[in-house]
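Thanks for asking me to look this one over.

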Amino acid sequence: MRFRSTLIFACLSAAHAASQGADKLIPIDAFVERQQFSQPRLSPDGKHVALNVRIKRGDRVVPTMTVYSLPDLNIVSTIALTGFEIPVNFGWLNNHRLVVQKGLELEDRERPAATGEVVAVDLDGSKPLYLYGYKNFKLSPRGERYGDDYGYGAITQIPEAGDGHLFIGSHQWDGHHSMLYDINSNNSVRKLLADIPMENMGFVLQNDSKPRFSFGRNDDNEPVLLRLDDADGEWKKVDKARLGTGFHPFAFTADNLSVYASQSINGAPYQIVREVMSSGERSTIAKDATGNIDILEYTARPEQPFAFSTTIGIPKARYLESTSPDAKLHKLLSEQFPDAYVHFINFSDDGKKLLFSVRSDRDPGSFYLFDRGAGKADLLFTNMPQIEPEEMAERRPILFAARDGLQVAGYLTLPKNPSKKKLPMVLLPHGGPFADGDEWFFDTDAQFLASRGYAVLQVNFRGTEGRGVKFRESGYREWGGKMLNDLIDGVKWANTQPEIDANRVCVFGISFGGYAALMLPVREPGMFKCSVGHSGRYNMASKYQQEGIKGDTKSTNFLIKTMGDDPALLASSSPTNNADKIKIPVLLVHGKKDKTTALDQAEDMRDALVKAGNPPEWMLVAKEDHGFYHPENHKAFYERLEVFLAKHLGK
């Protein structure tokens with residue numbers, strides 16, 4: 001349910017949702033429409049909001065940082081970057097100036113790639129200043145002094161002082177240094193605060209902006225944590241015994257006497273702990289038996305966590321102190337959206353204004369502004385307005401035992417089914433594979449398929465992030481083994497459910513999911529009626545030749561650890577070498593410009609299937625990369641997918 005008008009607590013009435021007509025078919029355009037609004041940030045005084053808004057520029061719809069005045073939502077400025085550049089991160093330095101981290105959005109299904117450039121600009125678009133990046137010599141007023149930066153800059157901290165200073169962490173291209181700068185956004189003057197002789201190290205600063213921790217991984221992909229010693233000013237490595245299987249500081253208490261950290265104890269799901277800086281004593285403040293604590297709600301400045309949740313299952317906030325003012329406010333707002341999750345984005349500095357989001361399994365999400373003095377919340381922006389949450393399908397959390405006893409989680413999306421007939425099902429493996437898994441929140445692919453009458457099964461197989469170190473490492477070297485077992489066992493579990501027709505199951509996946517879609521029919525003949533591989537890698541050994549991995553020691557070591565390098569195992573786990581065992585109809589989809597899984601992956605898979613006497617259907621898009629960027633191509637794929645599934649599973 002979405003409230004499309006002002007919320008006033010004293011007079012809220014119960015919402016009445018209209019049910020979807022049995023013959024109503026939601027147009028594909030509703031699903032390929034992108035999230036128009038993202039990354040909102042409330043200004044320190046609560047008078048403006050900055051966010052990315054998708055605006056048509058030339059032949060593309062590009063995320064563009066836009067500043068609105070509040071509460072009237074008049075546009076103050078539209079700050080457009082050049083070409084494919086977009087803001088991947090930004091924040092308010094004070095009430096009139098913002099800092100922007102630049103990136104490139106080249107793909108739809110992959111996160112935008114940061115360019116390493118950082119700029120500052122006033123809220124009206126004036127006084128732009130280049131602060132850090134590989135064009136520093138030409139574009140910065142201090143370019144002759146500092147020269148070009150041969151590294152990637154990222155916003156590390158914006159201090160509360162609001163004096164225009166910020167802290168930027170830099171990852172040097174040479175791979176030998178990680179640096180931290182204090183930069184004045186008004187004149188580009190910088191001061192080097194730290195220089196760590198290791199690559200890709202991040203920094204954690206105290207609330208008084210003093211650097212304290214640096215974290216990352218060594219060439220063997222083992223975690224490294226350094227702590228700045230005040231006595232001699234040296235960065236010293238924290239003992240491995242103190243780190244355990246995972247200890248990641250991320251914020252300090254208001255008095256800087258203790259640090260908050262995420263910790264996986266003995267490989268269990270990550271919990272939130274508090275460590276006293278002077279003694280090293282640790283205490284657990286938030287944990288969950290099944291999943292990582294990966295959602296935190298924060299107070300106004302100095303920001304402190306007051307509520308937490310896990311994304312395994314349906315997120316539900318739990319409070320550190322249920323009687324605190326912010327906990328009471330969160331509970332009050334949550335009561336207005338009983339079937340959704342309320343997330344606090346940020347407060348004004350005085351704590352009187354709050355920017356928050358609301359989303360659910362059926363609602364792509366909206367943003368609201370709450371005024372504590374008036375006791376009301378106003379709707380600001382709504383994403384994917386063609387989607388009516390009442391018409392979307394339920395995403396039901398599941399938990400089942402794999403064949404070796406490991407508990408595996410996931411989701412079963414069930415369309416409306418007035419006839420109560422058994423439903424055909426699509427298995428939808430996620431990409432990665434060592435990546436964030438599927439969550440309860442709105443999923444475009446799952447909801448589109450459900451709108452066409454298919455149940456959708458998503459399994460967060462072993463190796464998936466979200467359940468601690470041990471669960472992740474249980475997927476190491478199991479790409480073609482236990483990961484696929486988990487997917488197969490998930491289908492077997494789903495087939496026992498009364499809603500599912502076990503004789504009408506298809507598999508469709510993207511990236512690693514595309515690999516799984518072609519390998520699963522090999523592993524479990526007769527389980528699937530058809531397969532759709534989108535942007536998949538079908539020759540395992542070729543991963544070592546991928547752009548960005550070949551010649552990179554850390555990336556290669558990571559692959560050896562997680563995928564393995566046994567030629568015989570990689571060959572036997574490659575769909576291209578098992579095409580003769582794939583006896584079902586196949587649709588292969590790929591972008592011609594794909595650099596993550598090059599086009600030859602799809603072409604070799606196609607040729608192998610042709611040779612085996614099972615020529616696949618083929619969809620090649622000339623100007624797409626690893627996933628489809630343009631909505632028209634996304635729509636064309638959904639149209640093709642709809643026809644293919646209807647042909648082999650029935651409507």
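1. **Ground rules.** This is a predicted model, in which local features need pLDDT of at least 70 and side-chain atom pairs count only at pLDDT 80 or more, while totals for chains, interfaces and linings use all residues. Residues are numbered from 1 along each chain as its sequence is written, and side-chain values use heavy atoms, with hydrogens and water left out.

2. **Salt bridges overall.** Searching the whole structure turns up 28 salt bridges. Here a salt bridge means a side-chain nitrogen of Lys or Arg within 4 Å of a carboxyl oxygen of Asp or Glu.

3. **Lys635 and Asp29.** In one of these salt bridges, Lys635 pairs with Asp29, and the closest N and O atoms are 3.1 Å apart. Lys635 belongs to helix 13 (residues 631–649) and Asp29 to helix 1 (residues 29–32), so the pair ties together parts that are 606 residues apart in sequence. Helices (H or I, at least four residues) and strands (E, at least two) are DSSP runs, numbered from the N terminus. Lys635 is partly exposed at 26% relative accessibility, and Asp29 is partly exposed as well, at 34%. For these labels, buried means under 20% relative accessible area, exposed means over 50%, and partly exposed is in between (1.4 Å probe, protein chains only).

4. **Arg212 and Asp230.** Arg212 makes a salt bridge with Asp230, with 3.0 Å between the closest N and O atoms. The pair ties together parts that are 18 residues apart in sequence, because Arg212 lies in strand 15 (residues 211–217) and Asp230 in the loop between strand 16 (223–228) and strand 17 (235–237). Arg212 is buried, with a relative accessible area of 5%.

5. The salt bridge between Arg282 and Glu275 has its closest N and O atoms 2.6 Å apart.

6. **A negative patch.** On the surface, Glu160, Glu303, Asp349 and Asp350 gather in a patch of negative charge. Patches are made of residues with over 30% relative accessible area and no salt bridge; like charges are joined within 9 Å, and nonpolar side chains (Val, Leu, Ile, Met, Phe, Trp, Tyr) within 5 Å. Lys and Arg count as positive and Asp and Glu as negative, with His and the chain ends not counted. The place of a charge is taken as NZ of Lys, CZ of Arg, CG of Asp or CD of Glu. Glu303 is partly exposed at 40% and sits in the loop between strand 22 (295–298) and strand 23 (305–309).

7. **A nonpolar patch.** Tyr134, Tyr150, Tyr152 and Trp173 make a nonpolar surface patch of about 450 Å². Accessible areas come from the Shrake-Rupley method with a 1.4 Å probe, and for residues only the protein chains shown count as cover. Tyr134 is found in the loop between strand 9 (129–132) and helix 2 (136–139), and is partly exposed at 34%.

8. **Cis peptide bonds.** Please look at two prolines. The bond from Leu70 to Pro71 is cis, with omega near 5°, and Pro71 lies in the loop between strand 4 (60–69) and strand 5 (75–79). Arg301 and Pro302 are also joined by a cis peptide bond, with omega about -5°; Pro302 is in the loop between strand 22 and strand 23.

9. **Positive phi.** Gln39, a residue other than glycine, has a positive phi near 55°. Gln39 is in strand 2 (residues 37–42) and is partly exposed, at 24%. Arg477 has a positive phi near 60°, and its place is the loop between helix 7 (469–473) and helix 8 (482–494).

10. **Helix 5.** The 12 residues of helix 5 (residues 325–336) should span 16 Å at 1.5 Å a residue, and the end C-alpha atoms are 17 Å apart, which agrees. The expected span is 1.5 Å times one less than the number of residues. Which residues of helix 5 are buried? They are Asp326, Ala327, Leu329, His330, Leu333 and Gln336. An α-helix has 3.6 residues a turn, so residues three or four places apart point the same way.
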